[in-house]
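Me: Please take a close look at one part of this model, the sheet. Then set it in the context of the rest of the chain.

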Amino acid sequence: MKKWKCNSRGHITEQELKPDVCLKCKEEHGDLWLSNFTEVLPPPAPEYPPQHEIDLVIAEINSLSHKEMATLFRFAAAGHPYFDNRLPYRKVFDERFSAFGGMTAAISKEIGLTPPE
Ligand SMILES: [Zn+2]
């Protein structure tokens, strides 16, 4: 569904095809209901990090200990880049964490339930 903004008063209409008239202008102002429309485009996707930055973060993940990984896995704030599915880190993290055995009972007990300072 596309969004269109009427150039007369900025009303937004959602429909697939460019509208001919703005029904909201018509409703509010009766006579003035012809309008031109501009398509409202969705905001651009966040910029993907450059490759050298991706490499740095991946190297960082690959240097984490099992305990550090378990701590991040349990306590990382929502939206942490390691766990953002749009970024390539999640897969790297999961593979390394799995290689350590993941959240084992022993490591889970070791890191506890209280976030580190
Ligand atoms: Zn309008």
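Reply: Strand 1 (residues 3-6) and strand 2 run antiparallel, joined by three bridges. Two strands count as paired if DSSP finds at least two bridges between them. Helices (H or I, at least four residues) and strands (E, at least two) are DSSP runs, numbered from the N terminus. Within this pair, Glu-14 in strand 2 stands opposite Lys-3.

The model is predicted: local features need pLDDT of at least 70, side-chain atom pairs count only at pLDDT 80 or more, and totals for chains, interfaces and linings use all residues. Residue numbers start from 1 along each chain as its sequence is written.

The whole sheet is open, with three strands in the order 2-1-3 and antiparallel pairing. Its edges are strand 2 (12-14) and strand 3 (37-40), each pairing on one side only. On average, neighbouring strands are turned by 35 degrees against each other, direction ignored. Axes here are lines fitted to C-alpha atoms, for helices over the stretch in contact; angles run from 0 to 180 degrees between N-to-C directions.

Now the wider chain. Its domain assignment gives domain 1 (3-39) and domain 2 (51-111); such bounds come from an automatic or database assignment. The C-alpha centres of the two domains lie 49 Å apart.

Next, a helix pair. Helix 2 (residues 51-61) packs against helix 4 (residues 89-99) at about 20 degrees, with axes 10 Å apart.
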